[in-house]
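This report describes a single protein chain as seen in the sequence and 3D structure shown next. It moves from definitions to the overall fold, then to selected helices and residues.

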Amino acid sequence: MYTQALNAKDAADGGAEDADRMARFQARIDAEERIEPNDWMPEAYRRTLVRQISQHAHSEIVGMLPEGNWVTRAPSLRRKAALIAKVQDEGGHGLYLYSAAETLGVAREELVDQLLSGKAKYSSIFNYPTLSWADIGAIGWLVDGAAIMNQIPLCRCSYGPYARAMIKVCKEESFHQRQGFEIMNTLAKGSPAQKAMAQDALNRWWWPSVMMFGPPDSASQHSDTSMRWKIKRFTNDELRQQFIDATVPQAHYMGLEIPDPALKHDAESGHWTIGEIDWTEFKAVIAGNGPCNRQRLRQRREAHESGAWVREAALAHAEKRRRRAAAAVTAAAAE
């Protein structure tokens, strides 16, 4: 871990977070200053960031699984190449985010162990199966579309390494969203069977995508603090409404129906309103009882174990280079 010493508590004050320090810290946040790894920060701020960034990283890594399931079954070489590129992007996003978390003094190995042991959370959306090719389109259009709504404000997060990582992530997620929309639109404009496939995917992915933003503001445990520290810029419900307002017209453009009989447009507010969300389902999936929770963790453990030799080889190679460099320095000094 390359930043283990950062943010270590000051031995002189025993890590006390006195009122003056807290006031200066909040003043920096209010002034839209970026907090950097070597800056003093409240321990609760650090913990909040570690929790959020690590869950984000875990979600990117686990999110490779439902789409990787269709790489060998993509309907054309063009679709296969695009899907491979997308899955590769998601792995890169996980790398950026684990690196950002490391700047907060936590080892990547520790975060990965938390994921593999089931202690850490990741986005509930990835515990649903991909049953048809249209699901790949729905994930790009809906899931990545929801992710963009959530992640663009993170480019202005108060913590510098996280904000900078999100700039590249959002650029790539925007491509993923357009790719998914194009798949869904092609199917919707195709044969009756293809349109039915697209509608079926929308039916199954709509509500899980709406729930991606987390519980309603009245039940959110971390929202107030994250907003005060400008880790988040919008509440869960605000982001959810932005997503609904953007996505419903897109579905209508494709000739698809949102699976919500209560859906209606409020002319006064200009917003689309939806029916009741089944938060019981959301809580069940979060608790580990979704359709694919156990499968996803089993696949991640298997991948981690089968890739052990790669990690060992990389470490051995790095050690070999280090010894060669040290020997070269010793030899030069002896001349």
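A residue is called buried when its relative accessible area is under 20%, exposed when that area is over 50%, and partly exposed in between, using a 1.4 Å probe and protein chains only. At 15% relative accessibility, Glu172 therefore counts as buried.

The model is predicted, so local features need pLDDT of at least 70 and side-chain atom pairs count only at pLDDT 80 or more, while totals for chains, interfaces and linings use all residues. Residues are numbered from 1 along each chain as its sequence is written, and side-chain values use heavy atoms, with hydrogens and water left out.

**Overall fold**

The protein chain has 13 helices and two strands. Helices (H or I, at least four residues) and strands (E, at least two) are DSSP runs numbered from the N terminus. Of the 335 residues in the chain, 46% count as buried. The C-alpha trace spans about 80 × 50 × 35 Å along its principal axes. A contact means heavy atoms within 4.5 Å; among contacts between residues at least 6 apart in sequence, 78% join residues at least 24 apart.

An α-helix has 3.6 residues a turn, so residues three or four places apart point the same way.

At the start of α1, a side-chain oxygen of Asp18 comes to within 3.1 Å of the backbone nitrogen of Asp20. Glu32 follows α1 and has a positive phi, near 65°.

In helix α2, 16 of the 20 residues are buried, so α2 is largely enclosed by the rest of the structure.

**Helix α7**

Which helix holds Glu172? Glu172 is placed in α7. Its side chain makes a polar contact with the side chain of Lys168 at 3.1 Å. A polar contact is a pair of N or O atoms within 3.5 Å; within protein, one must be able to donate a hydrogen and the other to accept it, and residues adjacent in sequence count only if both atoms are side-chain atoms. Not counting residues up to four places away in sequence, Glu172 touches Asp89, His93 and Tyr96.

Tyr162 also lies in α7 and is buried, with a relative accessible area of 1%. Leaving aside neighbours within four places in sequence, Tyr162 contacts Leu49, Gln52, Ile53, His56, Leu97, Ala100, Leu154 and Cys157. Tyr162 and Glu36 are 126 residues apart in sequence, with their C-alpha atoms 9.7 Å apart.

The axes of α7 (residues 160–188) and α10 (residues 236–254) come within 9 Å and cross at roughly 35°. Axes are lines fitted to C-alpha atoms, for helices over the stretch in contact, and angles run from 0 to 180 degrees between N-to-C directions. Gln177, Phe181, Met184, Asn185 and Ala188 of α7 meet Gln250, Tyr253 and Met254 of α10.
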